[in-house]
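User: Hi! I'm new to reading protein structures. Could you walk me through this one?

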Amino acid sequence: MSNIGSYDQRIKGFSWSIAEKELDYQQDGDINIGWYCSDRICRQGKGDKLALIWQGATGNEKRYTYNDVRRASNTIAKYLVDLGIHPGDRVCLFMDKIPELYIGLVGILKSGAVAQPLFSAFGDEALLLRLKDAQTSAIITQRKHAGKVRNILSQLPCLEHVIIVDYDGKKPLQEREKAFSLEDMPPVEDFESYPAKAETHSMLHYTSGTTGQPKGVKHVHDSLVSQYLTTKWVLDLRDDDIYWCTADPGWVTGTSYGVIGPWSLGVTQCVTDIGFSADNWYAFIEKQRITVWYSAPTAIRSLMKAGDEVVKKYDLSSLRHLVSVGEPLNPEAVVWSQKVYGKPFHDSYWQTETGSIMISNYPGMEIKPGSMGKPFPGITAAILDPINYEPISEPGVVGLIAFQPDWPARMRTYWNNEATFQNKFRNGWYLPGDRGRLDKDGYFWFVGRDDDIINTAGHLVSPFEVESALLEHPAVAESAVVAKPDEINMEVVKAFVALKPGFAASDDLELNIMNFIRKKLSPLAMPQEIEFVDSLPKTRSGKIMRRLLHAREWGEAIGDTSTLEDNE
Ligand code: WT7
C-alpha cells in the first residue's frame, strides 16, 4: 500500500492540517525548516540514521548521519550569526553538488537568514543580476567559482562576505573572502534555531522572467507543510527508502525535493556530482540500492536513447517508484520505463513559484501516458478560458492552467516586484503561465507555455536575457532568440543575429558568440545554433516578430503576418 492510499478518499474533506499534525506544528508556533530537517529527526531517535550519502566523481564517498547534519548545520548557522548576518538577510549558495551545499541550506535556514541558491554554472552576468537584485549579504562558494565572484565584487557593495568552503591556503584570500571548512571547524552541538513563523521568509529562488530581468521568488517557512506532504504522497517516501533526486539545488526541485522533502521525513538520500551517462547513472542506482528516483524528461529521453541493452548490465531491482518533473514527459517515455525498469515514470507538474507539486500521477492511480495526472489533494486546479478567465467545464478544450492561491508553499511575492506578482492573477486565480486541457476523467494534459520562455532540458531560459547579453557582443547589431525543437532537450536556444557593418558571418564568429553567452549567462542559455541574417522581421512599430521566427522553427503555419503585426 502506498502512503497516499486512495487518491479519491484523500481528496474528500482534505485539509493541510493533516501535515501540520504530523509535523506537530501548532498555529502561530515555530516552524523553522532547518530545524525540522535536522534537530527534529534526531529528537525522533533517528540521529544515527544516514541522512546523506554523497558520491564524488571518482567514486569516493562521504556519509552523514542526521546527527552529523544537525551539528554541521549548527556550525554553519553559528558562523553566519557570528559574522553579523541577521535574520532576513540573503545568503547565497553557489556551489556544485557537494555536501556543503545541502548542509549549508539547512544551516542558513536555522540562522534565520534567507537561502538564495544559484546554479553553479551561472556566469558572471547571470550571477551579478541575481545578487544585485537580492542585495545579498554573503555568498558561500568553492575555490573554483570564487573567480566569478571576484569579477563582479566591485559592483556589489552589499556583498560583505565571500565564504570559501574548500580554501587550501595556496593563494592568499582576497577582499571580503573568508575560509570556512566544515571539517576543521569544531562542531557546534547546540544552536537555537531562529524561531521562524509560518510567514517568515525562507528561500529566494530566481526564475527566468518574460522581460530580461530574472525574478526572485519569495517563499516562506510555511512551505514545509506542502513540501512534507507532497513528498510523502507523491514521491511516496518511507523510512527505509534510499532516495535519489537528480536535480541540482540551484533550482527549486533540488531544494523542495532534494533537501526539504526527504530530510523533513527523515529519509536517507543519495547525491552524486558525477556527469550524466547511462552507465554512470545505472551504476549509481545499483551501488546505492536506490529505491525512489525523482528525475526529469531530458534525462529519461537520454536514457531511452542509450537503449535497452545497457539497462541489462545493471541490477536495478532496488527501484520501486519513479517520478519525473520539469518538462512534458513523453508518453513513449512512460511506456519505455515500464518496459525496461518494470515501473512507469510518474509525471509531476509544478514550478518555482508554486514551491511544491501541484498536479501528479499518484502511486496506485491509473496513469494515462502523456498526462500530468490530477491535482494534489487540497489544490483547486482549473483550465480557464483566456478571455473571461472562467473555468472551462467542457473536456478537451485548451485554456490556461490555473490554481486557487491557497496552498502553503505558494510564493508570497516576487522580490522587489509586487506588480509582476499581482499580474500573475486573474479573476482570483493564480496563472502559472502554461496552457493545458482537462479530460473527462479529470486528468490534466500539458499543451505549452503561454509566453516566450524557452524550456531547455527542464530549465527555463528567457529569450530576452539572452538577447540583451548578445547585444553586448561587439559584432552583434540585433538579435532574436527563440526555441528550436530538439529530440533530447525538447527545446534548445536558437539565435538569429544581424551583424554590425564590418563583421562577416563565419563558423568562428558563431563559436565565439556562443562562448560569449556561455561565460556571461550559463551553458543552458548558450544558443545551440546561430543563424546570421541580414535583418530581422519586424512589426510596423519596429518590434521584432519573434513568433514568426518561432513558427518557422517548429514548421507551424505562420498565417497572416498582418494579424501577427496587429497582435503585437
Ligand atoms: C515550468 C516551471 C518545479 C519543476 C522544475 C522547473 C514546465 C514543469 C512540467 C511537466 C510539462 C512542465 C512548465 C512550468 N513544467 N513540470 N510535468 N510537464 N511542463 O521549475 O523552472 O519554475 O519551470 O516548467 O512550463 O511552468 P521552473
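Analyst: Happy to; we can look at a pocket and then at a pair of helices. Keep in mind that this is a predicted model.

User: Great! What volume does the second largest pocket have?

Analyst: The second largest pocket has a volume of about 1100 Å³.

User: And how many residues line the second largest pocket, and which lie nearest its centre?

Analyst: Its lining has 34 residues, and those nearest the centre are R449, D451, D452, R547 and H550.

User: Which element gives the largest share of the lining?

Analyst: That is α18, with five residues. Elements that each supply at least two residues include the strands β23 (444–449) and β26 (476–486), as well as helix α19 (561–567).

User: Which domains does the lining draw at least three residues from?

Analyst: Domain 1 (7–438) and domain 2 (456–554) each provide at least three residues of the lining.

User: Okay, new topic: helices. At what angle do α9 and α10 pack?

Analyst: Helix α9 (residues 223–233) and helix α10 (residues 252–264) pack at an angle of about 80°, and their axes are 9 Å apart. That angle makes α9 roughly perpendicular to α10.

User: Which residues meet there?

Analyst: From α9 come L224, Q227, Y228, T230 and T231, which meet S256, Y257, I260, G261, P262 and S264 of α10.

Technical notes. Residues numbered from 1 in each chain as written. Predicted model: local features only at pLDDT ≥ 70, side-chain atom pairs only at ≥ 80, totals over all residues. Heavy atoms only, no water. 1 Å grid on protein atoms, 1.4 Å probe; cavity = no way out; pocket = protein on both sides within 12 Å on 5 of 7 lines; lining within 4 Å. Points joined across faces, edges and corners; volume = space filled by probe spheres on them. Helix = DSSP H or I, 4+ residues; strand = E, 2+ residues; numbered from the N terminus. Domains from an automatic or database assignment. Axes fitted to C-alpha atoms, helices over the stretch in contact; angles between N-to-C directions. Parallel < 35°, antiparallel > 145°, perpendicular 65-115°, else oblique. Contact = heavy atoms within 4.5 Å.
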